[in-house]
Amino acid sequence: GHCRLLCKPSALAQHLVRSLGRSAALRRGRWPWPCWPQLQMLWQLLQPPEPEPLVARELLQLPDAGLVALDWLVGPGGAVGGGGGISSPVLLLIPNAAGKVTAGLLQLGLQALERGFIPVIFNRRGHNGCPLTTPRLQPFGDPGDLREAVTYLRCRHPSASLLAVSEGSGSGLLLAYLGESGSSSRLAAAACLSPIFRGRDWFEAGMPWLYEWPLLLHLKQGLSRYAGALAEVVDMDRLLGSRSLRELEETLFCRTRSRPTSWESYWERNEPLRDADEAAVPVLCLCSADDPVRGPPGRSLPRELFHSSPYFFLLLTPHGGHCGFPRRGPGRCWAHEAVLEYFRAMAEFLRTEERRKGLPRPR
């Protein structure tokens with residue numbers, strides 16, 4: 001299907017090439033207008049999931065009394081995703097950095113639910129209706145809250161494989177977590193749909209106004225709900241008057257009243273790939289060369305990482321837009337099936353390796 005897999009040669013890479021090569025997701029009817037990435041993206045954003053899923057929300061209190069929300073997808077029979085079988089894999093879904101749970105992410109969760117996964121959506125502090133109980137939001141690449149959520153999921157489902165998939169700018173959080181945690185991440189595998197690899201460059205370059213202004217408006221609407229609490233730590237007039245994503249990010253996390261810091265220092269702590277060499281979990285990054293949000297592939301794709309690390313795999317397609325990857329027929333997004341096929345292939349490879357080496361399954 002004109003896709004290329006960029007990776008370091010290994011037994012796992014060969015197995016992944018064979019599995020994805022057999023996948024029908026990469027060969028079915030494609031989008032009839034491949035040269036219109038903007039239309040591909042809008043098609044996915046404007047199409048509601050079918051059927052509209054129900055969720056059961058669970059609030060998780062953090063050590064500093066902050067809250068994050070875990071939304072378990074509910075099946076058609078009314079069963080909560082968290083009540084699945086003991087061996088059912090748990091799939092953690094991470095929305096973009098603005099906290100927008102898109103129709104595409106919900107579609108992926110529904111497909112995973114149909115295939116026996118236990119899907120759960122991670123909502124950051126103050127995002128998607130999650131109460132903001134402390135005057136603190138989560139920086140772009142700070143994985144502290146995600147680490148607490150992963151620890152909780154591991155305690156709740158100790159025998160299940162834990163997987164994670166992120167969408168768009170939310171991948172900065174997942175990539176930072178994998179790098180900081182290394183072999184202690186508790187994840188079996190991860191995937192990123194249209195990830196933003198270089199956070200600082202992305203904010204400084206800016207996006208086309210067609211995408212930046214709606215995203216900026218969405219963020220301001222969410223922040224305005226907590227204007228009273230946030231006024232203690234940031235200049236709300238400056239924040240709500242921001243004219244770019246960079247200005248909003250800098251006001252929210254650098255120009256604070258209590259701990260001001262520089263833009264350079266902020267990205268030293270929050271760049272998604274700052275500890276990428278320490279990652280020890282297989283990660284599939286599915287990207288499109290014509291992604292209008294991430295930017296030109298020459299400066300936005302860290303190809304050297306995929307050639308040097310045995311854990312990073314880049315599935316690069318010439319057309320697909322940003323988190324779009326549309327096709328004809330049911331499902332609408334072929335990337336979702338590719339990600340689920342990747343998780344199936346990873347589980348198969350790990351079982352084969354355990355049998356070959358005679359290793360007991362980890363408890």
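Modeller: Glu264 is partly exposed, with a relative accessible area of 40%. This is a predicted model. The side chain of Glu264 meets that of Arg200 in a salt bridge, 3.5 Å from N to O. Arg200 lies in helix α6 and Glu264 in helix α11, so the pair ties together parts that are 64 residues apart in sequence. Arg200 counts as partly exposed too, at 25% relative accessibility.

Now turn to helix α11 itself, residues 263–270. Its buried residues are Trp263, Tyr266, Trp267 and Asn270. Seen down the axis of α11, they fall within an arc of 90°, so they line one face of the helix. An α-helix has 3.6 residues a turn, so residues three or four places apart point the same way. What covers the buried residues of α11? The cover includes α6 (199–205) and α10 (245–253). So helix α6 takes part in that cover, and Arg200 of α6 also pairs with Glu264 of α11.

The structure holds 16 salt bridges. Another one joins Glu180 and Arg147, with the closest N and O atoms 2.9 Å apart. This pair links distant parts of the chain: Glu180 sits in helix α5 and Arg147 in helix α4, 33 residues apart. Glu180 counts as partly exposed at 38% relative accessibility. Arg147 is partly exposed as well, at 31%. Both belong to a network of salt bridges that also links Arg274 and Asp275.

A further pair lies within one helix. Glu348 forms a salt bridge with Arg344, the closest N and O atoms being 3.6 Å apart. The two are 4 residues apart in helix α14, so about one helical turn separates them. Glu348 is partly exposed at 26% relative accessibility, and Arg344 is partly exposed at 36%.

Compare Arg154, which is in helix α4 (residues 144–156). Is Arg154 buried or exposed? It is buried, because its relative accessible area is 19% and the cut-off for buried is under 20%. The side chain of Arg154 reaches two backbone oxygens: that of His157 at 3.1 Å and that of Pro158 at 3.5 Å. Leaving out residues up to four places away in sequence, Arg154 touches Ala160, Ser161, Leu162 and Arg186.

Technical notes: Residues numbered from 1 in each chain as written. Predicted model: local features only at pLDDT ≥ 70, side-chain atom pairs only at ≥ 80, totals over all residues. Heavy atoms only, no water. Buried < 20%, exposed > 50% of the residue type's maximum accessible area, 1.4 Å probe, protein only. Polar contact = N/O pair within 3.5 Å; in protein donor to acceptor, adjacent residues only side chain to side chain. Contact = heavy atoms within 4.5 Å. Arc of directions from axis to C-beta. Salt bridge = Lys/Arg side-chain N within 4 Å of Asp/Glu carboxyl O.
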